[in-house]
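Morning, everyone. I will go through one model today, starting with the single chain and ending with how the copies meet. Please have the structure open as I talk.

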There are 2 protein chains.
Amino acid sequence: MNAFATYLDRELPKIEDCLRRHVAGLNPYVRPTADHVLKAGGKRLRPLLTILTARALGYADEDIYPLACSLELLHSATLLHDDILDGAALRRGKPAAHTLFGTTHTILAGDVLLALANTMVASYGKPVLTACLSDAIMSTVSGEIQEIAHIRDVALSMSDYLDIITGKTACLIQSACKAGALLAEADPPLVQAAAGFGMNLGVAFQLVDDALDYTSPKEVSGKPKGSDIREGKLTLPLILHIQNLSQEAREVFTKAFKENTLTEEALESALSAVASGGYADKTRDMAVSYLDKARECLGAFPAAEETGLLHTALEGMARRDK
Amino acid sequence: MNAFATYLDRELPKIEDCLRRHVAGLNPYVRPTADHVLKAGGKRLRPLLTILTARALGYADEDIYPLACSLELLHSATLLHDDILDGAALRRGKPAAHTLFGTTHTILAGDVLLALANTMVASYGKPVLTACLSDAIMSTVSGEIQEIAHIRDVALSMSDYLDIITGKTACLIQSACKAGALLAEADPPLVQAAAGFGMNLGVAFQLVDDALDYTSPKEVSGKPKGSDIREGKLTLPLILHIQNLSQEAREVFTKAFKENTLTEEALESALSAVASGGYADKTRDMAVSYLDKARECLGAFPAAEETGLLHTALEGMARRDK
């Protein structure tokens, strides 16, 4: 077993236990909804990053788990609300919470998980941690708002797209790493390195996600191929495809995309064109450039087992297929 | 002009200005929804209580407004989500946000107002304030969950009812007062007195609200008389009415209430019975007993203009008709 798997074997049960204990205290009315989203097979990337960063920077206390888990709870809260907004039927291959529990339970479960995340971080009594979490909440919600505001917006620029994925995904991953560094009371340049690592890793994570949406079969990803294009989300593979269409084809495609009148045929043809044009690969290439920047940030970290594991996580990100 | 009106004339514009400045920074996609709920004629009770408490306890700085307004933003966030859950058509006599802007905008506007409240409190860098806000969020959401879990629950006890109104309303009003005392760095017994004042005032506030739902004409309250009973909410006037029905009448009424099959006639007859039985008045009497406890808590406050105004607010609460 490699070092990363050994580490996961030791840490994941502690993360799961902490999540379970906190969710167990919630009102029975929303607990099943909260349980559902938390058990839907998340990778616990955010808590792991908090733990690895804090440990790499010398923090040894066992009181790290609520902080680490607060970021998973915040992430889960946003998933619950997002799935309602997107009208998504599936989440990680399982029915989205709102299709099982209804909108009321799902809105409230999202609200209470957010409240729980807040309470858990507040209990540390450290203003820097609170500020880190509240920045994460604001960025994530703002990113989600920006994404929805640009649904079916064929004029979305590359820079708008990067703003959206930074807000909705990367800022929370940044906060996961930064929170670990802050808990470890690392020196400001190291806190900045941890934040930079998380930010770049987070952008890469979402770029890979957006590439996988065009390439990963449903059996692997848990959601139908091309779900972004179906939901009217313009992500990098599609932006590149549209840029490379002839003017005439572009006008036809963008009109139908904008008006949500794409036929199944046109949709399949766009998926093929993204594949044959290599636009998903180009998206992964861009992810690699962000991973390079993330690796550079890690250069500031001290030599430690966990610094090595952060490198391993980073390498795994480029290869991930789900 | 009386002293309270003079004080309001001076403070309300500062509260409105602070709210306006913070909401102006939100994404244009959700700003109109946030503006709508904030402009729907709220009394700004929570910010006023924070300000009056802090000033009564000797705090003179002008930096109080973001803290005070954070509680109004949290309150507005919960109103946005609640109106979706309740399926309410009106809020303070105006169309509820979700009927104008749709569920997506309304969920996101609620999320972003909550995020904004968090960010504003975090900026003080004081763990006690953060803890106060996160407790308020958790209690308010939990109270709302409990209320919804007991919709059409004819077995709701008086103690469950008090738990619900404490959670959904009183805890936030408690936090508004407590936050003011904490900002003023008051001694622990005074912080406790401020919290006790807010808690009792908050329970009284909701009791009066629940009485008004049965007595206040639509032109005054902005919502149709008996909207709670229509939404399946069992509040004190109805609990008292049900307790006083003959066994047979109780069985008929509770069955129809539970199954949401009350005819318009049965509903009108229940409204009349609540009026003739004096159950709304009894609810107000109970509010008065909480106001007495709130007054007792104020006894610990130093003599100050604002202590007098808190007494005025308290007296006004017993008389309010909207």
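How many helices and strands are there in chain A? Chain A has 15 helices and two strands. Helices here are DSSP runs of H or I with at least four residues, strands are runs of E with at least two, and both are numbered from the N terminus.

Some housekeeping. This is a predicted model, in which local features need pLDDT of at least 70 and side-chain atom pairs count only at pLDDT 80 or more, while totals for chains, interfaces and linings use all residues. Residues are numbered from 1 along each chain as its sequence is written, and chains are lettered from A and ligands numbered from 1 in the order in which they are written.

On confidence: pLDDT is the predictor's confidence in each residue, from 0 to 100. Chain A averages 92, with 95% of its residues at 70 or more. For the model, ipTM is 0.88 and pTM is 0.91. Where pLDDT is low, the coordinates should not be read in detail.

Now the overall form of chain A. Its C-alpha atoms fill a box of roughly 60 × 45 × 35 Å along the principal axes. The radius of gyration is 20 Å, which agrees with the value near 20 Å for a compact globule of 322 residues. That radius is taken over C-alpha atoms, and the globule rule is 2.2 Å times the number of residues to the power 0.38.

Burial next. I call a residue buried if 20 or more other C-beta atoms lie within 10 Å of its own, exposed if 12 or fewer do, and partly exposed in between, with C-beta atoms placed from the backbone. By that count, 53% of the 322 residues of chain A are buried. Two residues are in contact if their C-beta atoms, again placed from the backbone, lie within 7 Å. Of the contacts in chain A with a separation of 6 or more, 74% join residues 24 or more positions apart.

Let me take one helix. Helix 3 of chain A covers residues 45-56, twelve in number, and spans 16 Å from its first C-alpha to its last, close to the 16 Å expected at 1.5 Å a residue. The expected span is 1.5 Å times one less than the number of residues. Is helix 3 of chain A largely enclosed or largely open? Eleven of its twelve residues are buried, so helix 3 is largely enclosed by the rest of the structure. Among the buried ones are R46(A), P47(A) and R55(A). After helix 3 comes G58(A), with a positive phi near 95°.

L201(A) sits in helix 8, residues 188-215, and is buried, with 28 other C-beta atoms within 10 Å. Beyond its neighbours within four places in sequence, L201(A) contacts I173(A), A294(A), L314(A) and M317(A). L201(A) and Y290(A) are 89 residues apart in sequence, yet their C-alpha atoms are 6.7 Å apart.

T166(A) belongs to helix 7, residues 158-183. T166(A) counts as partly exposed, with 18 C-beta neighbours inside 10 Å. Leaving out residues up to four places away, T166(A) touches G143(A), C171(A) and V203(A). Its C-alpha is 7.6 Å from that of M199(A), 33 residues away in sequence.

Over to chain B, and two backbone details. R152(B) is not a glycine but has a positive phi, near 60°; it is found in the loop between helix 6 (127-149) and helix 7 (158-183). E185(B), also not a glycine, has a positive phi of about 50° and lies in the loop between helix 7 and helix 8 (188-215). R152(B) is partly exposed, with 14 other C-beta atoms within 10 Å, and for E185(B) the count is 14, also partly exposed.

Last, the pairing. How are the two copies related? A rotation of 180° with 0.0 Å of shift along its axis superposes chain B on chain A, RMSD 0.0 Å. The two copies are thus related as by a two-fold rotation axis. The superposition is by least squares on C-alpha atoms of residues with pLDDT of at least 70 in both copies. Within chain B, P127(B) comes closest to the axis, its C-alpha at 2.8 Å. The same surface serves both copies, as 97% of the contact residues of chain B recur in chain A.

At the interface, 32 residues of chain B contact 31 residues of chain A. On the chain B side, helix 4 (65-86), helix 5 (97-122) and helix 6 each supply at least two residues, and helix 6 gives the most, with 13.
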